[in-house]
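This report describes selected helices, strands and nonpolar cores of a predicted model. The sequence and structure are shown below.

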Amino acid sequence: MLTQTELDHAAKVLGRKPNETELAMLDVLWSEHCSYKSSKRWFHLFKTKGDRVYLGIGEGAGLVDIGDGILLGVAMESHNHPSQVDPYNGAATGVGGIIRDVISQGCKAVGLMNCLHFGHPGKPKNAHLLDHVVRGISDYGNSVGIPMVGGDLSFDDSYEGNCLVNVICIGMVRPGKVVRSSAKTPGDHLVIFGSTTGRDGIAGVSFASETFSDQEEENRGAVQIGDPLAKKVLIDVLSELVEKGLLEGLQDLGGGGLTSCAGEMASNGGTGVTIEVDRVPLREVGMTPWEIIVSESQERMLGVVSPENINEVLEILAKSEAPHAVIGHVTDDHLYTVLEAGEVRARLPVDLLVEGFPVPERVEGVIPVQKQSLEWLKDHYEFDALILDMLGSLNICDRSWVYSQYDQHVQINTVVDIGENAGVLEFPFNKRIAFSSDCNSQWCLLDPQQGTANSAAECLRNIVSMGARPILLADCLNFGNPERPDSYAQYVESVRGLGRFSNDFDIPVVAGNVSLYNEAETEGKIRRVNPTPQIMLAGIFEPGYSPIRRNLCTPWANLLLVGDTLPELNGTEFQRMTTGKIEGIPPVYRPKREKSIMNAMLEAHKFGLVRSCNNLGRGGIAIALMKMVMHSDYGFKVDLDYVPGSTSRDVEVLFSETSARYIAEVTESNQQQFMQIMEKHETSAVEIGLTVNDSVADFGDFEIDMREATEVFQNGLRQYME
């Protein structure tokens with residue numbers, strides 16, 4: 001909904017009041033979802049340049065050079081509001097939209113990821129949302145033949161009325177086949193193809209740019225309806241058009257429909273466009289010009305085609321039997337003109353439409369100061385029972401109920417399945433890339449800057465633990481209403497944290513999305529989601545290197561703890577499990593220590609010294625060890641009395657979530673060289689135990705029943721979903 005200030009500004013620039021169609025066009029392009037009017041002013045904090053970056057932030061997908069003439073493409077997007085209202089179609093069209101973002105750059109889509117955040121599934125509404133979101137993702141992704149390679153899943157009461165569904169698509173393309181989203185040459189034709197246009201999805205971006213109410217039905221018309229079979233046809237025909245070099249420009253019709261797509265291409269090209277809405281293939285009768293121009297119906301693309309190529313393009317499209325039409329042309333007048341039967345229905349300067357909104361004032365509030373105190377700790381805990389409880393925790397337990405519904409091998413390039421620290425895909429010339437996504441919203445709630453940077457660091461450790469060096473970052477920043485100072489402060493501090501991380505580790509941010517207004521008003525009360533800056537990292541392996549899993553794989557090998565452990569229990573899963581609260585100063589981000597340990601671990605991987613490895617994240621040492629033994633034929637016996645750091649109690653040793661730590665399985669013959677590498681990088685490392693032939697989890701003072709642990713771990717989520 002346009003504000004009065006925006007209405008007045010548009011009228012002043014135009015010298016008249018905008019008409020109905022123009023108001024609809026301004027409404028979608030000036031929405032938070034399309035304009036980033038509250039958020040992009042902070043993007044300068046990100047590192048965006050790098051030797052590998054071929055195409056960065058600003059188009060459908062970021063492109064990164066992985067060598068030998070192969071570009072890796074990534075895009076990340078949210079589909080939160082639609083998934084809360086219509087979980088199946090909302091999630092499915094989120095997947096469809098992110099695929100279009102990647103293929104619109106000329107890429108072949110080779111992988112998908114999804115990052116999901118829900119309220120407790122013990123409540124039927126939340127279980128229903130999760131069930132239908134996962135089915136929507138599965139049905140769509142499986143139907144179009146793109147493997148699911150990873151993701152993230154968390155639960156928190158803050159997502160009760162506003163679930164988060166973030167999706168990622170991975171692609172590849174050769175530099176000579178890259179297509180840009182611009183319309184540079186007046187006289188070129190604008191060709192729409194892929195599917196017909198209907199009323200589904202009208203005002204979708206405006207819907208995504210406002211606070212939820214508890215009146216969901218009124219918003220169902222803003223949810224798009226996906227068609228994976230039409231998407232498969234679209235992918236195939238687009239591949240032929242790209243391979244033959246017949247397109248001068250291309251963009252998908254996502255948020256904002258034709259308004260956004262054609263307007264942004266004209267803006268990027270420094271031109272104008274004319275669209276004849278009566279030429280657009282429709283699926284519904286009686287659609288008005290404003291409905292056609294802002295519809296977000298799925299599976300549609302807009303191509304820019306030169307006059308000399310138009311006949312061949314139309315022949316290919318006709319052969320595919322996909323709906324298509326020449327609906328306009330590129331102009332040199334810098335105007336976006338909408339015609340119906342030759343009559344002007346809208347005429348707006350492209351600059352006004354795309355970038356001409358009045359920049360709103362946003363007030364950054366103050367983040368509450370947290371305390372370091374651990375006074376909430378008890379004197380005694382039954383560690384064996386507590387570890388079992390944590391293994392069954394929704395934020396730690398087995399996720400196979402979700403990922404078992406996804407096809408992970410459809411393109412036979414999946415090297416490592418979902419369930420490890422990262423998924424791995426193989427690209428041409430035996431290039432292997434690891435992908436991981438993470439966000440600890442509990443840390444981000446307590447300290448958005450430190451929590452965001454530390455979430456990125458944990459994602460980095462997932463990549464490094466497998467032996468890959470991080471090369472790129474994508475993000476999806478999910479926050480509440482930016483018009484509220486406290487909410488806006490969370491966003492700004494989080495961006496500062498992500499900016500710190502990207503610069504500290506020299507990892508460029510190449511793609512992303514901002515999703516604001518993630519809060520629900522129910523019975524007059526506002527419930528805002530935890531700050532959720534979802535982060536995805538990709539890392540590249542040395543040539544010929546096989547990814548390291550976390551399952552123990554050799555009997556009588558040494559288990560080495562790398563990094564110092566500090567008494568950091570505030571903001572942890574242990575605190576939440578034992579007190580029902582999240583409070584205090586969360587684990588601190590330590591970039592210098594994180595970087596030195598990363599380099600040490602990568603050098604150890606390079607020399608093939610590590611048999612298995614795990615990052616220490618949620619649940620600390622105790623849960624990291626349990627996950628290493630959970631699906632292994634072997635077990636462990638450890639003594640944690642000499643863990644390096646400043647802990648003074650067993651509970652801190654077991655459950656602290658201090659950053660920059662790994663557990664590595666190293667054979668006796670390789671231990672000396674491993675320790676020399678750690679010393680070279682001034683990294684602490686200590687032997688804490690051994691792997692053993694039997695499937696046991698022996699912590700010295702107590703032992704975990706593996707049969708019970710496995711049952712609890714596997715049943716944590718399934719008990720609510722089956």
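## Strand E25 and its partners

In which sense do strand E23 and E25 pair, and over how many bridges? The pairing of E23 (residues 612-615) with E25 is antiparallel and comprises four bridges. Within it, Asn615 is opposite Tyr662 of E25. Strand E22 (residues 558-562) is also antiparallel to E25, and five bridges join the two. Here Asn558 has Val666 of E25 as its bridge partner.

E25 spans residues 662-666, and because five of its five residues are buried, the strand is largely enclosed by the rest of the structure. Burial applies to both faces: Tyr662, Ala664 and Val666 lie on one side, with Ile663 and Glu665 on the other.

## Helix H2

Helix H2 covers residues 20-29; eight of its ten residues are buried, so the rest of the structure largely encloses it. The buried set consists of Thr21, Glu22, Ala24, Met25, Leu26, Asp27, Val28 and Leu29.

The N-terminal end of H2 is capped by Asn19, which places a side-chain oxygen 3.1 Å from the backbone nitrogen of Thr21.

## Helix H23

Helix H23 runs over residues 706-721, 16 residues in total. From first C-alpha to last it reaches 24 Å, close to the 22 Å expected at 1.5 Å a residue. The helix has a kink of about 50°, centred on Asn715. At its start, a side-chain oxygen of Asp705 comes to within 2.9 Å of the backbone nitrogen of Arg707.

Buried positions in H23 are Met706, Ala709, Phe713, Gly716, Leu717 and Met721. Leu717, leaving aside neighbours within four places in sequence, is in contact with Pro121, Leu130, Leu153, Phe155, Leu394, Cys397, Asp398, Trp401 and Val402.

## Nonpolar cores

In soluble globular proteins, nonpolar side chains tend to be buried together. The largest nonpolar core in this model has 62 residues. Which of its members touch the most others? They are Ile99, Leu116, Phe118, Leu130, Phe193, Tyr406 and Leu717. Helix H6 (residues 124-144) gives the most to this core, contributing eight residues.

Note on methods:
Residues are numbered from 1 along each chain as its sequence is written. This is a predicted model: local features need pLDDT of at least 70, side-chain atom pairs count only at pLDDT 80 or more; totals for chains, interfaces and linings use all residues. Side-chain values use heavy atoms; hydrogens and water are left out. The expected span of a helix is 1.5 Å times one less than its number of residues. The bend at a residue is the angle between axes fitted to the seven residues ending there and the seven starting there. Buried means under 20% relative accessible area, exposed over 50%, partly exposed in between (1.4 Å probe, protein chains only). A polar contact is a pair of N or O atoms within 3.5 Å; within protein, one must be able to donate a hydrogen and the other to accept it, and residues adjacent in sequence count only if both atoms are side-chain atoms. A nonpolar core is a set of buried Ala, Val, Leu, Ile, Met, Phe, Trp, Tyr and Cys residues joined through side-chain atoms within 4.5 Å. Contact means heavy atoms within 4.5 Å. Two strands pair if DSSP finds at least two bridges between them.
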